[in-house]
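Please look through the structure below before reading on.

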Amino acid sequence: MPEIINSIDSTEKTGPVIHVTTSPHILEKGAGTRRTMLDVIIALIPVMAASVYLFRSYAVKQIVICTLSCLSAEVIFIRMRGKSITINDFSAAVTGIILALSLPPSMPWFVGVIAGFAAIGLGKIIYGGLGMNIFNPAMVGRAFVIIAFTGILGADAYSNLSGVADAVSGATPLTALKYSGIHTALSNMFWGNIPGSLGETSVIASVIGGLYLIYRKAASLEIPACIIATIAIIAGLVDLSCGHSGIFFYHHLFGGATMFGAFFIATDPVTSPLTFKGKLCFAVGVGFLTMIMRMYSGYPESFMFAILLMNAVTPLINRWFIPTPFGGK
Amino acid sequence: MGDYFLLAISCIFVNNILLAQYLGNCPFLGVSKKMETATGMATAVIFVLVLAGAITWALSHYILKPFDLEYLQTLSFILVIASLVSFVELFLKKSIPALYSGLGIFLPLITTNCAVMGVCLINIKEEYNFLETLVSSFTYPAGFGLALVLYAGLRERILLARVPKPLQDTAIGLVGAGMMSLAFMAFKGMA
């Protein structure tokens, strides 16, 4: 690959001064997949730090297993296709980290390995690699193991922890609220001192990372803002009409994967729509489906499924909102 | 009223005929390469199934059951569906020739579309009353149409992807369908 780039560079140097290129016109120097993925990893640092602080060895183990399995899956599958290795663009590492952070803390090592291989193999390589995938690879991996290992990844995976603070071991806030009516303090949800998947518990860490992503333009502001607004509106209306005095509202706004998912998973540029209106449509869909499934389906932690479903709708949304070209009618 | 609404939700999402019950996969793979044929197929199935559901329900309750002829259920249902499809085919050929030629072989294939037969049999098996039969005969194919249209969008996008050679076309289509089914699993436990 470097040889090709070098040869392109040399023709550009010797070729005519005016040359026509198709979009995207990358003006900023050093921008590209590698830089964007590095930005995502930097943005994930506060989330990883929070999860390592809260879940100790569980978080370290899980992040290492999932990242390694994603990287090795990428190497193996790319080799099988006879292409040059693209591992140094960090995209597989990002998939691995997000996958690890979206899974429950305690699970056998092989579940992480299977999730990583499903994410990279079924989620990405099978469609032709980065940029061609239809579903978010990390969410394909997660959904695959959640459905395949329902027993292992059920309530026990959140509550059978040892060597961590008692506060982070138990039923997740949304499950506890839905099935036993126990509610969690708002401040604990804010700092992340609650049971849940590794990366989703700490609201403050997700928001710091997410704002960095938006500042670096690696993620668009519309999608997270609109998802959070949709969830806030629906949860607020339900709360008001049923008289839960705010508890239902803040559980759904800060609990589950709302913040982590809105900033890090829904903003994946490959699997979300391209235009402004399309992004709004996508984000409202994610928020709406999340609330519907949280309230009525058997999976209270269903943010990830809502993203997968809206990934399936993304090609349609892109069809509906084709932008008018400059000077077009 | 609420019961009918729940039944509709369950038929469209929770027990989606394609993605949760895996019926009617041949037209799902066959006509989903282009959006126009997909929407055409979806409307044709809705049209046929509402008629077929109502007629087979009446047949089962007023002829087969009173005369103890339930062992003829499969045979008579096939007959009703086949003649209905021929009727729809004649109608489309005369009034919308473009759609007729677009659907091509797949319109006669509704005759053997297991989704149509399946819904008719589900209606009887679940002992729906006539109104419930109408609701389910409309919402099952609506769910079929929803999945088909979403899937056609996906396949149009897959066309642009550099899919590995052994997996092109139907194979990658089936993988995509499996993933949609995985996403629809999240509705389990609803309604």
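Predicted model: local features only at pLDDT ≥ 70, side-chain atom pairs only at ≥ 80, totals over all residues.

Residues are numbered from 1 along each chain as its sequence is written, chains are lettered from A and ligands numbered from 1 in the order in which they are written, and side-chain values use heavy atoms, with hydrogens and water left out.

A salt bridge is a side-chain nitrogen of Lys or Arg within 4 Å of a carboxyl oxygen of Asp or Glu. Over all chains there are 5 salt bridges. One of them joins A:Asp39 to A:Arg35, with the closest N and O atoms 2.8 Å apart. Both residues lie in helix 2 (residues 33–55) of chain A, 4 residues apart, about one turn of the helix; helices here are DSSP runs of H or I, at least four residues, numbered from the N terminus. A:Asp39 also meets A:Arg216 in a salt bridge (3.0 Å, N to O). A:Arg216 lies in the loop between helix 10 (203–215) and helix 11 of chain A, so this pair ties together parts that are 177 residues apart in sequence. A:Asp39 is buried at 2% relative accessibility, whereas A:Arg35 is partly exposed at 30% (buried means under 20% relative accessible area, exposed over 50%, partly exposed in between, with a 1.4 Å probe and protein chains only).

Helix 11 (residues 222–242) of chain A packs against helix 14 (residues 276–296) of chain A at an angle of about 40°, with the axes 8 Å apart. Axes are lines fitted to C-alpha atoms over the stretch in contact, and angles run from 0 to 180 degrees between N-to-C directions.

A:Ser102 is found in helix 4 (residues 91–102) of chain A. A:Ser102 is buried, with a relative accessible area of 0%. Leaving aside neighbours within four places in sequence, A:Ser102 is in contact (heavy atoms within 4.5 Å) with A:Met139, A:Arg142, A:Ser197, A:Phe260 and A:Met304.

The contact between the chains takes 29 residues from chain B and 33 residues from chain A. Together the two chains bury about 2,600 Å², 74% of it on carbon and sulfur atoms; buried area is the accessible area (1.4 Å probe) that two parts lose on being put together, summed over both. Between chain B and chain A the count is 1 salt bridge. B:Glu156 and A:Arg319 meet in a salt bridge through their side chains (2.5 Å, N to O).

Notes. Helix = DSSP H or I, 4+ residues; strand = E, 2+ residues; numbered from the N terminus.
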